[in-house]
Amino acid sequence: MGGESKDIMSSSSKEYPKLVERPVGKKIRGIYYDRLRQFDAGGQYEKYNLQDKINEGRASGDKWVSLEVYSPPDLTRPTFKDATSHKFKETHVGESFGPSWSTHWFRVTLTVPEDLQKKDHLEFQWDANNEGMIWTEKGEIVHGLTGGGDRTEWILPKSWYDGKPHVFYVEMACNHMFGNAFGDNIQPPPKDRYYQLWKADIVAVNLDARQLHIDYWIVGDAAREFPENSWESHKAFDVCNRIMNTFIAAEGSKDSIKECRKIAQEYLGKLVDTSKQYEGDQPYLVTAIGQCHIDTCWLWPWAETKRKVARSWSNQCDLMDRYPEYRFCCSQAQQYKWLETYYPSLFDRVKEKVKKGTFHPIGGSWVEHDTNMPSGESLVRQFLYGQRFFESHFGERCQTFWLPDTFGYSAQLPQICRLAGMTRFFTQKLSWNNINKFPHTTFNWVALDGSQVMCHMTPAETYTAEAHFGDLKRSVENHKSLDQDASSLLVYGKGDGGGGPTWEHIEKLRRERAIADTVGLLPRVKLGPSVDDFFANLEKKAAEGTEFVTWYGELYFELHRGTYTTQANNKRNNRQSEFLLRDVEYLSTLASIKDLLKDDTTSRKSKYKYPKKDIDFMWEGVLLCQFHDCLPGSSIEMCYDDSDELYEKIYKAGETATIDALKELGFKDKDDLDTELVALNTLPWNRTELVQLPIKSERPKYAIASGTTGAMQVSELTAATDRPASIKELEKGVFQLSNSKFQVLVEDGVITSLFDKEAKREVLAKGAKANQFVIFDDKPLYWQAWDVEVYHFESRKELKPGKSYAVETGPHRVSVTTETQISSQSWLKSTISLDATVDDVYGMITVDTEVEWRETMKFLKVEFPVDVVNTEASYESQYGIVRRPTHYNTSWDMAKFEVCCHKWADLSESNYGVSILNDSKYGFATIGNLMRLSLLRAPKAPDAHADMGRHHIRYAILPHAGPLDHRTVRAGYNLNNPLKLHRHPNPAQLTSMLSAIRIEGPPGLIVDCVKRAEDDEDIAVGLFPPKKGRNIIVRLFDSLGGRSQGKLTWGDLPVKKVAITNVLEDDLEELEIVGKNAVEINVRAFEVLTLKLQLE
């Protein structure tokens, strides 16, 4: 029929058979999936599966690994040189070492036995379930050890495969990665924990078997985590089952392991063993960056952090040598400085990696600090000191503010970042919110003044990702900004206690990239090139028209609200140190330029020098204590022993610097009665206040201090006064305190009436009680030191006062003290005072409270129910005001049931309001018309003694006619910076100098900082080349939220040039000098403005 016939019966045997050979069933998915875990799991099959083939030889015991130990006394941490100079004694595997926080140095003599000398890969494996560090015999750090099965291996040099003895050292730290607690890591650590050394072996590793383990792990994840109805999942499932069958058929031989790896290549491709996996120009969505988050203190003290840095970063340098594609970033200039100081050779190795572009300094700040409680100037100094360190040591400033793990983000951070040369911000902590889910991943974050930074929050929702298959999936599935941009950062590596990525993380990422390239469905990942490159791409898209969403104001963290209050003494130290530094810099600046003034009548040649090194020491200490687990109160007790000691040194340095500056300015000793008594006002406005004289008498002696900035006149008061303060005991326990402004009724220790005579208005709500102390049961869901939960309100209990009595009866001050028993072990003594009124100075009611606090899981607060209605209350924050709801309309409103404030909180109507001022507190809540200041907590973890002991607290009630304005702002400064009495032979001589730098303009403009420029030639400390001349830095801001115009004046100071700078003191714009001593300034609402005054 046209064409040749074909013998179809003689076709190849591979053709589809006519007859069935045997039944073939569909694999029962659940059973076979569960079977997959048998191949590389521990347990009953471990001796028969892949795990048994990874290690192919082991040598242990004294013949091959000989151990000697030196145990330093008294929990000391000696240097390598010191430790190795001591006598070592013989020890063995199986012995225990301690107690908690002790250090033990081991001299290890290792000899590779003949049967292991021909193996391809040998490791020294050491595990005592605690941290450690391996040193060469010459004192070089080569590896960090984590313990507990994690990071316990060190690859032996090939030169040691010679059968000869080789010596090295292991420095054992008796703490694990998360401190010393048993079980629950946040519990207080015991002092007597011991660690048993259970492994010190030479191990031969079959690298093919180890690589197959990673192959199988990731392909197995694909089988489990890709959609069940996808071919990608079924293919992975098939590959895994074939790997198992091949391994079993050959009883796990080396050849079968190689064959299994070939099967894995069907899914992964052939490049997973090299960095070539990342070659090519394929677009990728996920930028993976290694990260080693080391809490500068938390469940361990600063001294241990210094070693954690060395342990962690030495490992990362090693990984960079082994994996060319690996990129790693790390923040916190303080940790780099510690490394430079204590481990200089390792610091040089880090510098080498930075130069090669594999180790990336990031963040720009001194530490990863809290951003709720530090002052605005402290936030500036975090960046000033951080950026100067990074630039001076590595040649570049950071562009990205890196803060993955702090407990909320100040509304002014975007502005301060921009002023510090950073346009980008990375975090992820808001993923922990326990009420509302934050709605964005990549967005523009906008400060109070309108400044913005590009913000990215990793959709993997962790800064310690394990580089799992699921981490990459979540990088898309949890991404909330896909409409604008689908790219994301994956930040991976062991963290909090240090460590960083391991080789396993990098190997997993190679395979996950391979799956994206060969199979698809998984987002493509690339290691690096850097966080800055990631953000640069986002900024490029924004410049080209992509409209990223905006978030205005604070990034409020809906968790860890208790950190505004915990560890009250530490928070008091922070506030006092900030004000101390403000005064030290101001007085030292004036003392250092005194010789330039025409009215300087000093005939002697001054030897005074601006104390730059001492100021740097003080600032670096304060900035260190603002770390996000130190200042918030969430560290162990040892950390607060350390911070107390450091603050004491800061106070002593500040006292010395103040005395030296005052002496240079002509002030005399307080007992020099031939000189004039003056009150020193370092704030940039006039003050008139009642001050107590340093005179011993039965009753306090008072004077009025009045005047401008500088040495104020002090006028002693007699018994008679025009507008006295008076007190009457109307009946037992009921007192009426009066002056020309207020009438205060105190009944049984609480204020039942506060009448404003000038406004003719009752300040308190009808029937309400102000200065009412209340106590709450305080048991959060888990994080004791960190959290207070909304349900604590339901346990409110009013404290019943004991006796009340008058302690001052006028005419200059009247006071009532009330003693209250909190419990059998706790009490408080609260003194309500009212001063005689002077001139037109606004008045307030001050309260000084002494508390002996010995409670367990209780929260002490004080309440002020006021007759004021507003849906928002105002709270002082850094360089501005944050307004928050007083209602619970939405879950977002209710989440802010406890918030952070600085020196004051305010509730105002259009024509009247009330401010509550404080000298050391940060927690506050305004619910309806009830204002509530948080005083003390009593958590028992991680510090079992947090806040136990004696506390002194000062706060004040400031009623005011009209809305919130400069009066409250200034009163907050005044309360925190009380006038100090000194003596001077000629205070009039000081007027032009001490009050030289002032603002003419709206009263909301505040000069917050006066200091010398960092690199002036007469004070420079050597970080950068000194600059000729003397310069004064003046930092000011708008405190009320209105665009302002004014003048900065400088009196008789010989200023020849004025420039606007950023906070790093780079000149940005020169200003025209008006007349001889002023420049005009224009300030946006809540803008921070820094000026440099160049002196002649």
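The charged end of arginine 193 sits over the ring of phenylalanine 182, 4.2 Å from its centre. To count as a charge over a ring, NZ of Lys or CZ of Arg has to be within 6 Å of the ring centre and within 35 degrees of the ring normal. Arginine 29 does something of this kind too, lying over the face of phenylalanine 237 at 5.9 Å from the ring centre. Before going on, note that this is a predicted model, where local features need pLDDT of at least 70, side-chain atom pairs count only at pLDDT 80 or more, and totals for chains, interfaces and linings use all residues. Residues are numbered from 1 along each chain as its sequence is written, and side-chain values use heavy atoms, with hydrogens and water left out.

Back to arginine 193. You'll find it in the loop between strand E10 (166-173) and strand E11 (195-196); helices (H or I, at least four residues) and strands (E, at least two) are DSSP runs, numbered from the N terminus. Buried here means under 20% relative accessible area, with exposed over 50% and partly exposed in between (1.4 Å probe, protein chains only).

Arginine 193 does have polar contacts, though. Its side chain makes one with the side chain of histidine 176 (3.5 Å), and another of 3.5 Å joins it to the side chain of tyrosine 195. The test is a pair of N or O atoms within 3.5 Å; within protein, one must be able to donate a hydrogen and the other to accept it, and residues adjacent in sequence count only if both atoms are side-chain atoms. Not counting residues up to four places away in sequence, arginine 193 touches (heavy atoms within 4.5 Å) Phe97, Gly98, Pro99, Ser100, His176, Asn180, Ala181 and Phe182.

Now for rings on rings. The structure holds 54 aromatic pairs, where rings of Phe, Tyr and Trp (its six-membered ring) pair if their centres lie within 6.5 Å; planes under 30 degrees apart are stacked, over 60 edge-to-face and the rest tilted. Tyrosine 336 and phenylalanine 394 have ring centres 5.4 Å apart and planes at 70°, so they pair edge-to-face. That pair links distant parts of the chain, with tyrosine 336 in helix H8 (residues 333-342) and phenylalanine 394 in helix H10 (residues 376-394), 58 residues apart. Tyrosine 336 is buried at 0% relative accessibility, and phenylalanine 394 is buried at 15%.

Phenylalanine 793 counts as buried at 18%, as does phenylalanine 897 at 1%.

The loop between E32 and E33 also holds glutamine 784, which is buried with a relative accessible area of 15%. Leaving aside neighbours within four places in sequence, its contacts are Ile186, Met857, Arg937, Pro939, Lys940 and Ala941. A polar atom of the glutamine 784 side chain lies 2.8 Å from the backbone nitrogen of lysine 940. Glutamine 784 and proline 942 are 158 residues apart in sequence, yet 7.6 Å apart C-alpha to C-alpha.

Most residues other than glycine have a negative phi, and most peptide bonds are trans. Alanine 941 and proline 942 are joined by a cis peptide bond, with omega about 5°, and proline 942 sits in the loop between strand E45 (930-937) and strand E46 (949-961). Another cis bond, again with omega about 5°, joins glycine 810 and proline 811. Methionine 857 is not a glycine, but has a positive phi of about 55°; look for it in the loop between strand E37 (845-853) and strand E38 (858-865).
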